[in-house]
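User: Could you walk me through the aromatic contacts in this one?

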Amino acid sequence: MTRPVETELLTSELDAELPPTVGGVAIEGRSAYQLVWLRLRQDRVAMASAIMIALIALFALFAPLVAHFTGHSVNQEFHRIGENPDGSPKGPSHIFVWGTDDQGRDLLVRCAYGARISLEAGLIATAIAVFVGTTVGLASGYLGKIVDTILSRTTDLVLALPYLLFAIALVAVVGPSLGIAIAVIAFFSWASVGRIVRGQVLSLREREFVEAARSLGASSMRIMFIDVLPNVLAQVVVLASLLIPSAIVFEATLSYLGLGVPPPTPSWGNIIADAQNYQEAWWFLLFPGILLLLTTLSFNLLGDAIRDAFDPRGDQMFARTKKG
Amino acid sequence: MSTEPGVAPVQSQPTGEVLLELTDVVKHFPIRSSSLFRRDAGAVRAVDGVSLTVRAGETLGLVGETGCGKSTLARCITRLYDLTAGTIVFDGEDISRLSPRAMRPVRSKIQMIFQDPYGSLNPRRRVGSIIGDPFAIHGMASGADRKRRVQELMEMVGLNPEHYNRFPAEFSGGQRQRIGVARALALSPKLIVCDEPVSALDVSIQAQVINLLADLQTEFGLTYIFIAHDLSVVRHVSDRVAVMYLGKVGEISSSEELYLHPRHPYTNALMSAVPVPDPDLSDRRERLILAGDVPSPTNPPSGCRFHPRCPKARQDCVEKEPALIPRLGDGPGHQTACHYAVADGEDLTTQRSQLPSAAQAQDLVATTRSTEGSETP
């Protein structure tokens, strides 16, 4: 019997750098993800987006610091120095760097606090939606039969609901709050994740490695989470990165309509809503608008880049940002 | 690999008792119309009454064209599919109706090696954890002990144990198949069902993997069911060979006997399709070429399923299904399901179907001399 000849290559040093973990979830796909990370690092648009997101996150995180340096707290109304005699907002000046809003509050401080709400709503709602959607998609795709029928019809139902009407009706009953806004966003976002994951699982479950696991006597749970899940994780990461901006916009929409965060708590959505009554006060609309635009644009571009990084062939085909 | 007559094939004589017994195993896949109101629109009769026995320590080859049901039969034996009818007795226990839970201890005794070395290994998991899977699933050996046993297995199948932390994508096809073999061996099974384990590999690698399987058989007293569509491979590895056609066994015999005295016309046709590595011999040889495809297993032909393509077909063949019994004075080990079994030295290439639809059959059964190439003056 012949033995393979390549045995001398890359042996000890390869093992030395890798931890001696055994079995289970702990050692899944690291080198595949390392490759993705490498490709992302080379993508200038992705890096610019990531830096932009980091800056906005820092802006939100250090909102109290912004308040401290300006000396204006978030809901403090400066009727004398912050408003024109007719009660309209004042433009940018050395006291109010981004101007004031219609109540004479510092717009810079309010945008910083608004960023907290937007990111919080976007991230939490996306996390819930991705978790629920992935679980539903896995169960529905792998278990099939009656489970699939029930879960798929539920997904169809959720996708068919008019979400704004639903949100308005819900808020009319329980009153607006950040929690309700997040719940509404998550409720209307998981279904699309569930569908995509289900489709992936349907094709994965017919692969021979799933049959191999079954012939070894693995339980459905084990197959779903250890054999199938790692193979859909790439898609889930991409979906999540694209869901975050839409959740942020969703939150802004709800707040704009008065269905999200109740005033006086600032949110980009309700600042923009207030701003539209003062068309001559350009700063009032511009700053929260630009923040919202930059945030969603950065997340979208980063999401696209992550998708490309997971699929290098597509990357070459469209050669969007690849150098060489 | 060497299949010349001079080289002794790697074989062990079957001496053990019956390890696996299939009785009238049937697997139908119902076809459902996709409309809202589901109606059964017939069934694909992938395996339609197969009875076989496999003795401990032997290798049973299973050959047949694509779509003849050999892979389905393999998945019935490993209970990846539930049977439609029939019984499977493994090691004295009827496993054909066991629940998934009751099946788990049996699964460690019956393992499978898959055809596609790329599809059968999870691309997102490391080789160490793939081979360690059987231990994890059956709660045997953990931590350092599991790693040690996995590395022993890797060494046993000719892989470098240092490659424990690599991903399947970092291995070649042959090495991947070795990983599959190591995984199948982990729980020291009694029976390994090899579903075309080498057909996706290069010929040189095929030989390596086949020799590995043969070595392991000698070392651990394994029993194999070896599925292939390549007769030369099956001949090399098998003690006995079963020829399947459209979900049924057409002929079963010891390997040498089958190659010396093929009784079923279908076996003869398969044999004549094996390339001969001698151009002179090849030129002189008449090839029996079956025309047409295997009929649909949804609606198999009546009587003998081979009759629409058979050069010896008679009216009986359409009406009566032939039993799988010894024919033409063969021993009990050589059974053929054919009313008009082929005698030694009989030339099938000159025969024509005697069916009423003979004109049609003439078209289906074409005989050619293999010399009819462009080089003939």
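User: How many aromatic pairs are there over all chains?

Analyst: A search of the whole structure, which is a predicted model, finds 14 aromatic pairs over all chains, where rings of Phe, Tyr and Trp (its six-membered ring) pair if their centres lie within 6.5 Å, and planes under 30 degrees apart count as stacked, over 60 as edge-to-face and the rest as tilted. One of them is formed by A:F59 and A:W98, which is tilted, with 6.0 Å centre to centre and 50° between the planes.

User: Which parts does that pair tie together?

Analyst: A:F59 lies in helix α3 (residues 44-61) of chain A and A:W98 in the loop between α4 (63-70) and α5 (107-143) of chain A, so the pair ties together parts that are 39 residues apart in sequence; helices here are DSSP runs of H or I with at least four residues, strands runs of E with at least two, numbered from the N terminus.

User: Is A:F59 buried or exposed?

Analyst: A:F59 counts as buried, at 19% relative accessibility, since buried means under 20% relative accessible area, exposed over 50% and partly exposed in between (1.4 Å probe, protein chains only).

User: Which residues form a cluster through ring pairs?

Analyst: Ring pairs link A:F59 and A:W98 with A:W282, A:W283 and A:F287 into a cluster.

User: Switching topic, where does the charged end of A:R205 sit?

Analyst: It sits over the ring of A:Y142, 5.7 Å from its centre, the criterion being NZ of Lys or CZ of Arg within 6 Å of the ring centre and within 35 degrees of the ring normal.

User: And what about numbering and confidence?

Analyst: Residues are numbered from 1 along each chain as its sequence is written, while chains are lettered from A and ligands numbered from 1 in the order in which they are written. Local features need pLDDT of at least 70 and side-chain atom pairs count only at pLDDT 80 or more, whereas totals for chains, interfaces and linings use all residues, and side-chain values use heavy atoms, with hydrogens and water left out.
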